[in-house]
Amino acid sequence: MNPKPATPWQTLDGLRATSIALVLACHLLPLGPKTWVDLNIAAGHMGMAMFFALSGFLIAHKLQTEASMKQFAINRFLRIFPLLWLVLLIHFAWRWPHVDLHTLVLNAGVWINHSRAHYLPETKHLWSVCVEVHFYVLAALVFFFFKRRGLLLLITLGVLLSIHRYAQSAIFNTTTIFRLDELLIPMLAGWAWHSDSPTANRLKQLATHCPPGLPLLALAICSMAPPVPALSALRPLWATLLLLALLYNPSTRTGILFAHRGWKWLSQHAYALYLIHPFLLVTWLAAGDTVTKYAKRPLLFAVLVVLAYVSTNYYERFFIQLGKRWTKPTAPSTHSLKSA
């Protein structure tokens with residue numbers, strides 16, 4: 001049994017676009033009074049849960065489809081680091097000599113989320129890039145040694161880390177150990193996508209009957225409840241169920257909305273939009289009192305869109321294409337990721 005729809009991955013563009021839209025709204029827009037719930041924080045939690053779920057699924061998929069560990073490592077490295085290092089180089093050159101070399105190394109070496117004293121206001125968002133890279137390394141190593149069985153080990157580890165996170169009430173902690181669950185648990189979707197086991201088939205059958213709007217609503221509620229650890233701890237689960245429902249039940253109204261082609265631009269430019277936008281908040285574009293700085297927001301968004309377009313279609317594309325040339329198969333690999 002394999003209930004995959006004909007073009008289910010169209011909905012993932014909508015999921016990625018929604019995630020970056022929520023994060024940008026969290027950081028750049030006033031989303032209401034901070035009374036019963038802080039909608040800015042809620043939008044950020046929800047957007048990151050969606051993004052991490054998508055990343056967990058895609059990495060599980062890539063580990064099972066890319067030809068070798070070399071291809072996997074090169075593609076991930078060239079997807080993340082060229083833009084990260086360019087932005088940091090430009091920004092730290094602008095700030096120099098008011099920042100030290102240690103801070104630059106921690107940011108460029110994706111370890112800043114374990115050294116909070118060296119955060120700058122505009123680099124606090126890099127915690128998620130750190131967690132993402134640490135996840136790549138962990139997932140690749142476990143899969144290299146245990147092959148597809150390693151995915152189940154990683155998913156189990158994710159559940160255990162989620163329980164630990166709840167026990168420690170680490171809702172806002174951005175160190176890797178307290179955020180890995182948001183990437184590891186969604187690997188379940190990637191495992192199921194490539195598996196014909198009875199368990200995977202039952203999961204896919206369940207997903208075909210799950211309207212995506214249900215886990216979407218549940219994820220929104222859990223994201224609005226930071227003071228309630230039990231609900232906050234469920235975000236990875238609901239994000240995973242949302243992703244599965246979008247993949248296997250895309251014909252619902254929610255699925256059709258997420259599959260709309262209007263999401264594609266945001267989806268394609270999501271990484272550049274995410275990485276660049278906080279650095280604009282320390283420029284003239286965000287200076288002034290509250291009224292002034294929000295009056296400038298349309299101009300800030302315009303500059304951000306232009307920078308993201310140039311980065312994605314010229315700078316990042318160059319390195320992605322370079323990675324494809326470097327990993328172009330010339331002979332059968334002795335370290336295939338697909339081997340059982």
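In this predicted model, Gln71 turns out to be buried, because its relative accessible area is 18% and the cut-off for buried is under 20%. Gln71 sits in helix H3. Setting aside neighbours within four places in sequence, Gln71 is in contact with Glu66 and Thr327.

Helix H3 itself, residues 69-95, packs against helix H17, residues 297-326: their axes come within 9 Å and cross at roughly 155°. That angle makes H3 roughly antiparallel to H17, since angles over 145 degrees count that way. The crossing of this pair is right-handed. On the H3 side, the residues that meet H17 are Lys70, Ile74, Asn75, Leu78, Arg79, Pro82, Leu83 and Leu86. Their partners in H17 are Ser311, Tyr315, Glu316, Phe319, Ile320, Leu322, Gly323, Lys324 and Trp326. Sorted by class, the contact of H3 with H17 holds ten nonpolar, three polar and four charged residues.

The contact of H15 with H17 divides into ten nonpolar residues, three polar ones and one charged one.

How much of H15 is covered? Helix H15 runs over residues 270-280, and eleven of its eleven residues are buried. These buried residues include Tyr271, Tyr274, His277, Pro278 and Phe279. The cover over them comes from several places, including helix H1 (10-28), H2, H3, helix H5 (127-146), helix H14 (264-268) and H17.

Two of those covering helices, H1 and H2, pack against each other as well. Their axes come within 8 Å and cross at roughly 150°, and the crossing is left-handed. From H1, the contact uses Leu12, Leu15, Arg16, Thr18, Ser19, Leu22, Val23, Ala25 and Cys26. From H2, the list is Asn40, Ala43, Gly44, Met46, Gly47, Met48, Met50, Phe51, Leu54, Phe57 and Leu58. By class, the contact of H1 with H2 comes to 14 nonpolar, five polar and one charged.

Thr252 lies in the loop between helix H12 (235-248) and helix H13 (253-258). With a relative accessible area of 19%, Thr252 still counts as buried, because the limit is 20%. Not counting residues up to four places away in sequence, Thr252 touches Pro211 and Pro212. Thr252 and Pro211 are 41 residues apart along the chain, yet their C-alpha atoms are separated by 6.6 Å.

Some backbone details in the loops also stand out. In general, most residues other than glycine have a negative phi, and most peptide bonds are trans. Trp96 and Pro97, however, are joined by a cis peptide bond, with omega at about 5°. Pro97 belongs to the loop between H3 and helix H4 (101-108). Val110 is not a glycine, but its phi is positive, at about 45°. Val110 is in the loop between H4 and H5, and counts as buried at 7% relative accessibility. Lys147 likewise has a positive phi, about 55°, without being a glycine. Lys147 is found in the loop between H5 and helix H6 (149-167), and at 17% relative accessibility Lys147 is buried too.

Notes. Residues numbered from 1 in each chain as written. Predicted model: local features only at pLDDT ≥ 70, side-chain atom pairs only at ≥ 80, totals over all residues. Heavy atoms only, no water. Axes fitted to C-alpha atoms, helices over the stretch in contact; angles between N-to-C directions. Helix = DSSP H or I, 4+ residues; strand = E, 2+ residues; numbered from the N terminus. Parallel < 35°, antiparallel > 145°, perpendicular 65-115°, else oblique. Left-handed = near helix turned anticlockwise from the far one by under 90°. Contact = heavy atoms within 4.5 Å. Nonpolar A, V, L, I, M, F, W, Y, C, P; charged D, E, K, R; others polar. Buried < 20%, exposed > 50% of the residue type's maximum accessible area, 1.4 Å probe, protein only.
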